[in-house]
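Please open the model in a viewer and keep the selection tool at hand.

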Amino acid sequence: MAVLLSLSASIGWAQKREIAKGTVQRIKVHSQLLEGNLSGDSADRYISIYLPASYQSGSKRYPVVFFLHGYTDNDAKVYGLQPHWMTLPPMLDTAFAKDPAHEMIVVTPDAYTLFQGSMYSNSATTGNWEDFIARELVSYMDQHYRTLSQKESRGICGHSMGGYGALRIGEKNPDVFSSVYLLSPCCLNSSADPVTEMMPQLLRAEGIKTIDAFNKTDFFTKALFASAAAWSPNPENPPFYLDLPIKDGNLQPDILHKWDANRPLNNLDQYIYNIRKLKAIAFDAGNKDKSIAESIEKLNGELKKYGVAHTFEIYDGDHINRVAKRMEEKMLRFFSENLSFK
């Protein structure tokens, strides 16, 4: 019996060791669409790329999934090149070892900016991020890697700010992407009560006049600057070239209206014909991530109203504690079932 147990353990260990590993490349891609942004961020962007284990040994072409990271993150963290709460490549190795027929290339641009996140939006202050991803980056991948260069083989997804970006970009570009998955997507709807929900951070933000002071403030106040840079840019308002929705301690309704116009739940009606062109859409969030869970409940209701087929789930979790597991067990399966592999 001891020998059998030892042999069994040895076989199990060997099987674990035999999982083929993909390759991570971190390259720089120049973007003409990000040139001249008023924040002074480089138009040469790091891009992390996961190539599945079989990529190096054949001529096969692969579907591509574009994964967009969250606010304050970057591509290096997601791909294990810097410490982080989640590392993508081991998940991909494990999933593709179980299902090698559905290996994919996964691509993540570094969207960390002067304000610690681009919101994946087109803006004179931050640059044309959504067009960079949907046009330039997609084109670069098709030209330099063995991709299946058709929308049926292309998906987009993301976590938090990245989930917002995936919906924003996906609903505008159904000719580029066929499938969209949102993990705990932020920023889908407007604040119900800006005075109560945002005023402390807005007052703090109004007092910030330098990048050094910005870097020392709290997460949510920083997020206000990132949102303003993306959704209310102002080329005539240095040094940040943005308008906050507060001035002299008073809310600025015109700026809030600009922000509201960038909330997907506010403009979904205008993109419903595009959304209907997508092959598949899915989204989830943890029940303890209350405001985001409520927003995807609303998204579920809106899509049902229009008869758009989708998958939706609220699970037991918060904003990050089970996201890695959801990615491995839900998101990758979603793309394996909905992307074309030929």
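Contact, as used throughout this tour, means heavy atoms within 4.5 Å. Helices (H or I, at least four residues) and strands (E, at least two) are DSSP runs, numbered from the N terminus. The model is predicted: local features need pLDDT of at least 70, side-chain atom pairs count only at pLDDT 80 or more, and totals for chains, interfaces and linings use all residues. Residues are numbered from 1 along each chain as its sequence is written, and side-chain values use heavy atoms, with hydrogens and water left out.

**First stop: a pair of helices**

Select helix α3 (residues 88-98) together with helix α12 (residues 323-338). They pack at an angle of about 35°, and their axes are 10 Å apart. Axes here are lines fitted to C-alpha atoms, for helices over the stretch in contact, and angles run from 0 to 180 degrees between N-to-C directions. On the α3 side, L88, M91, L92, T94, A95 and K98 meet A324, M327, E328 and L332 of α12. The crossing of α3 past α12 is right-handed; a crossing is right-handed if the near helix is turned clockwise from the far one by less than a right angle, and left-handed if anticlockwise.

**Second stop: another pair**

Next, select α10 (residues 264-277) and α11 (residues 290-305). Their axes come within 11 Å and cross at roughly 40°. The pair is therefore oblique, the term for angles that are not under 35 degrees (roughly parallel), over 145 (roughly antiparallel) or 65 to 115 (roughly perpendicular). L265, L268, D269 and I275 of α10 make the contact with S295, K298, L299, E302, L303 and K305 of α11. α10 also passes α11 in a right-handed crossing.

**Third stop: the nonpolar cores**

A nonpolar core is a set of buried Ala, Val, Leu, Ile, Met, Phe, Trp, Tyr and Cys residues joined through side-chain atoms within 4.5 Å. Buried means under 20% relative accessible area, exposed over 50%, and partly exposed in between (1.4 Å probe, protein chains only). Select I49, F66, I105, V107, I156, F225 and L299, the residues with the most contacts inside the largest core, which has 73 residues. Helix α8 (residues 219-231) gives the most to this core, with eight residues. Apart from it lies another core of 26 residues, including V65, F67, M91 and M331.

Move to the loop between β3 (64-68) and α2 (75-78), where H69 is found. Is H69 buried or exposed? H69 has a relative accessible area of 1% and is therefore buried. Its side chain reaches the backbone nitrogen of A111 at 2.9 Å. Beyond residues up to four places away in sequence, H69 touches several others, among them D75, Y120 and H159.

**Fifth stop: backbone features**

Most residues other than glycine have a negative phi, and most peptide bonds are trans. Select Y120, in the loop between β4 (105-109) and β5 (122-123); its phi is positive, near 50°. Y120 is buried, with a relative accessible area of 0%. In the loop between α8 and β9 lies Y241, whose phi is also positive, at about 60°. Y241 counts as partly exposed, at 23% relative accessibility. Finally, select P238 and P239, which are joined by a cis peptide bond with omega about 10°.

Note on methods: A polar contact is a pair of N or O atoms within 3.5 Å; within protein, one must be able to donate a hydrogen and the other to accept it, and residues adjacent in sequence count only if both atoms are side-chain atoms.
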